Amino acid sequence: MNPFLKDKTVWLSGVEMRVVRQLGDEEVQLENVNSGELVNHKTFNLLEQYTSGELLTEGQRRHLLRTSQKVSRPPARMDHMSAAAKCETRRRMDYLIRLERMGAFQKSRLDLVQDIKIVAATKGEGRPPHVTTIYRWKEKYQKAQNDVRALFCRFDEQGGKGRSRLDPEVEAIIHDKIETVFLSKKKSSGEEVHNAVFLEIQRRNTQRVESEWLEVPGLRTIQRRLTEIFAFELAVARFGQKEAERRFAHHLGARAVARILELVEIDHSPVDILVTDEDGLVIGRPNITVVIDRYSRCVLGFHLSLVGHGTPEVFAALRHALLPKTYLKDRYADLLLEWECFGWFEVLLMDNGREFHAESVTDALLNLSIATEYAKSKTPNDKPHVERFLKTFNYSFIHRLPGTTLDKVHKRIGFKAEDSACMTLTELDRAIHVWICQVYHLRPNAGLNGRAPMTVWREGAKAFPPQLKANAEDLDIEFSQVCTSALQHYGIDLNTFVYVSPRLLTLRRMLPEGTRVDVKWPAQDAGHIFVWDRLNEEYFKVGNKDKEYVGLTVEQAQVAKKAKAKADPNSQLAQASAEAVIREMADSALKDKKLKNRRKGTRLANDTTEVSRRPAAAAERSDETSIEAPLQPNQENVTTTTPEIEMEWSEALP
C-alpha cells in the first residue's frame with residue numbers, strides 16, 4: 001500500500017514537493033514546486049525520512065507556514081520620536097543586550113535581580129528598572145520575533161496630543177469661524193477669530209440651560225488651530241488660487257537641452273541705474289534686452305535703449321546675438337575683449353509681451369528658420385535662466401555702479417541716485433561688455449556644476465559649431481516691420497512718405513491692377529523700404545523720394561516733417577535739414593529742467609547702442625546719399641534753440 005496520494009504536498013528537506021503519480025506500490029514520482037523538476041523516490045525511503053523528521057506533511061508544516069508569512073514592515077526609525085523617548089528606547093535595548101550577554105535570563109529570579117543591579121551600577125544609574133519590567137521588555141521583544149520596535153518608548157503617544165478635548169460643537173464653531181473670518185480676508189488675526197467664536201458661543205448659550213452651557217476656548221487654543229492651517233490653503237485665501245498655484249508649483253527644473261543654440265531665451269528688464277548725457281544731466285533709466293543660451297548660460301547678445309522695449313529693441317538684440325562680435329577689436333581695442341558667442345539658434349523662447357507677438361517678429365524668425373515658443377502667461381519659471389541672469393546682472397554688477405537706483409525704493413536711504421549719476425549710455429555699454437566678457441562668462445556657474453559658461457560654450461562649439469545661415473543684409477530686411485501697401489503710379493505711400501524706384505514702377509506694370517505688395521520697412525531708417533518681388537521671389541530696396549530723411553528713424557522723420565510743415569516757409573526751421581531739426585529739438589529737450597522732458601529728448605535722439613555697433617554701415621549709408629537739404633546762408637549756424645523748435649519738441653512725443 002502506497003500512502004502518498006496524487007497532488008499531495010510534502011516537504012522533503014525543506015523543499016516543497018508535489019506528488020505527481022504513484023509508480024506501483026514501491027515508487028513515487030515527486031515534482032519540485034519551485035523548479036518543476038521530476039524525481040522518482042522509493043516509497044520505503046520516503047517513509048524512513050518521514051520517521052526521522054526529514055519529510056513533513058502539510059499538517060506538520062502548517063505552523064511553520066504561519067511563521068514564514070512575514071508581514072512587510074517599515075524600517076525601524078526613531079526620527080519622529082522626542083529626545084526623551086529616544087533615550088529611554090536606547091536604555092531598554094542596552095539593558096536587554098547586557099543581561100543577555102551575562103546569561104542572566106537563564107538564571108533564577110534572585111540572580112537576575114543582582115545582575116540588573118550590576119548593569120545599573122555600570123551605567124551609573126541609581127535606580128535600576130524592576131525585575132518585572134525587565135521580564136516584560138523581554139517578553140515583548142520575543143513575541144515580536146526580536147523586532148526592536150517592540151521596545152520603542154511610547155512617551156509621545158501618552159495623553160491627548162493631537163486630539164481635541166473641546167466639545168464637538170465648540171470645535172465646529174472654531175472651524176467655521178476660521179473659514180468665515182480668518183480665511184475670508186486678506187489679513188486677519190487670532191483675536192478676531194476668538195472674538196467671533198466668543199460671540200457665537202454666547203448666542204447659543206442663551207438657548208441652553210446653565211448646566212449645558214458651552215465653554216469658551218482660550219485665545220491660545222485659537223492660535224494653535226491657526227498654525228495648523230495648510231500653507232497652500234492659507235495662500236489661496238490671502239493671494240488667490242492662481243498665485244497660490246504659482247507659489248506651490250512643482251518646480252522640477254527647466255527643460256533640458258543637449259547642445260548649444262538648441263534653445264535660446266530672450267527678455268527685457270529695466271537697468272537699475274540712471275544715465276546722463278555728455279553734460280552730466282540725468283536723462284533716464286535704460287532698458288536692456290538680453291538673449292541667453294540655455295545650454296551654456298552664455299550671453300549671445302544684448303541691447304541697451306532709452307527709447308523703450310519695443311519691436312526695434314527685439315530686432316537689435318537678436319541681430320547682436322546672431323552675428324559675430326567683430327566690432328570689439330575696433331571699438332574696445334584697449335580692452336582685448338573676446339566674445340565668441342554667436343550663431344543661428346533653433347528655438348527662441350519668449351514671454352507674452354506685445355512686442356514678441358508682433359507679426360514682424362514672428363515673420364522674421366520664420367524666414368530665418370528659427371522656431372518661436374512662448375512661455376506660459378505669468379510663469380517666469382518657463383524661462384528661468386534669462387530671469388536669473390537679469391537678477392545677477394542688476395544685483396551683482398549694476399548695484400555697485402554710481403547712479404544706481406537699487407531694486408526697491410525703500411532701500412534708497414541716505415542718498416539720491418540723481419546726485420551720484422555720472423555714466424553715459426556709451427560708458428554703461430562699455431562697462432557691460434567688460435563685465436560679460438571678463439567676469440560673467442569666466443566665473444563658475446552653479447547650474448553648470450561649477451564650470452564657467454565660456455568653458456561649456458567652447459566644448460559645445462567643438463561638437464556643434466555655430467552656423468551662419470544668412471547674410472547681414474538679409475537680417476536688415478527681415479528685422480523690419482511688415483505690412484502690405486497699395487502700389488500707386490507714383491510709388492508707395494507709407495508712414496507719410498513716398499517711396500519710389502525704377503524697378504518698383506516696372507513691377508507695377510507686370511502686376512494686375514489694384515494689386516497690393518508686401519513691404520518691410522525698417523523703423524530705424526526712414527530712407528528706404530524693402531518690397532517683395534513676387535516674380536523673382538526676392539526683396540528689393542526702394543528709396544525715400546525725399547532724401548533728407550535718409551538715416552533718421554521713422555519716428556524722427558515724422559516729427560521733423562511735421563515741425564517743418566507747421567513752420568513759416570521763410571523761417572530758419574523750415575529751411576533747415578531734417579537731421580538738423582531733430583538734433584536741435586533733441587538737444588533742446590535734453591537741456592530742459594524736467595526729467596520727463598529730458599526722457600522725451602532721449603527718445604527723440606534715438607539714444608540706443610544699435611548705431612554705435614555698426615559704424616561702418618552707418619558711414620557707408622551716409623556716403624551713398626546726402627541727408628541734408630540745400631542750406632541757406634544762415635543755416636549752418638543753427639546751434640541755438642529757437643522758440644519754434646522748443647514748441648515743436650514739447651508736442652512731438654507723448
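**Exercise 1. How many helices and strands are there in the chain?**

Let's count the elements. The chain has 25 helices and 18 strands; both are DSSP runs numbered from the N terminus, with at least four residues (H or I) for a helix and at least two (E) for a strand. Keep in mind that this is a predicted model, where local features need pLDDT of at least 70, side-chain atom pairs count only at pLDDT 80 or more, and totals for chains, interfaces and linings use all residues. Residues are numbered from 1 along each chain as its sequence is written, and side-chain values use heavy atoms, with hydrogens and water left out.

**Exercise 2. Work out where Asp267 and Lys383 sit and what links them.**

Step 1: Asp267 forms a salt bridge with Lys383, and their closest N and O atoms are 3.0 Å apart. A salt bridge here is a side-chain nitrogen of Lys or Arg within 4 Å of a carboxyl oxygen of Asp or Glu.
Step 2: Asp267 lies in strand S6 (residues 263-270) and Lys383 in the loop between strand S12 (371-374) and helix H14 (384-397), so the pair ties together parts 116 residues apart in sequence.
Step 3: now check the cover. Buried means under 20% relative accessible area, exposed over 50%, and partly exposed in between (1.4 Å probe, protein chains only). Asp267 counts as buried because its relative accessibility is 6%, and Lys383 is buried too, at 3%.

**Exercise 3. Which pair does Glu548 form a salt bridge in, and is Glu548 buried or exposed?**

Step 1: the partner of Glu548 is Lys564, with the closest N and O atoms 3.1 Å apart.
Step 2: Glu548 is in the loop between strand S18 (538-543) and helix H20 (554-566), while Lys564 is in helix H20, so the pair ties together parts 16 residues apart in sequence.
Step 3: both Glu548 and Lys564 are buried.

**Exercise 4. Name the residues in the network of salt bridges.**

The linked residues are Glu169, Glu200, Arg203, Arg204 and Arg208. By the salt-bridge rule, the count comes to 41.
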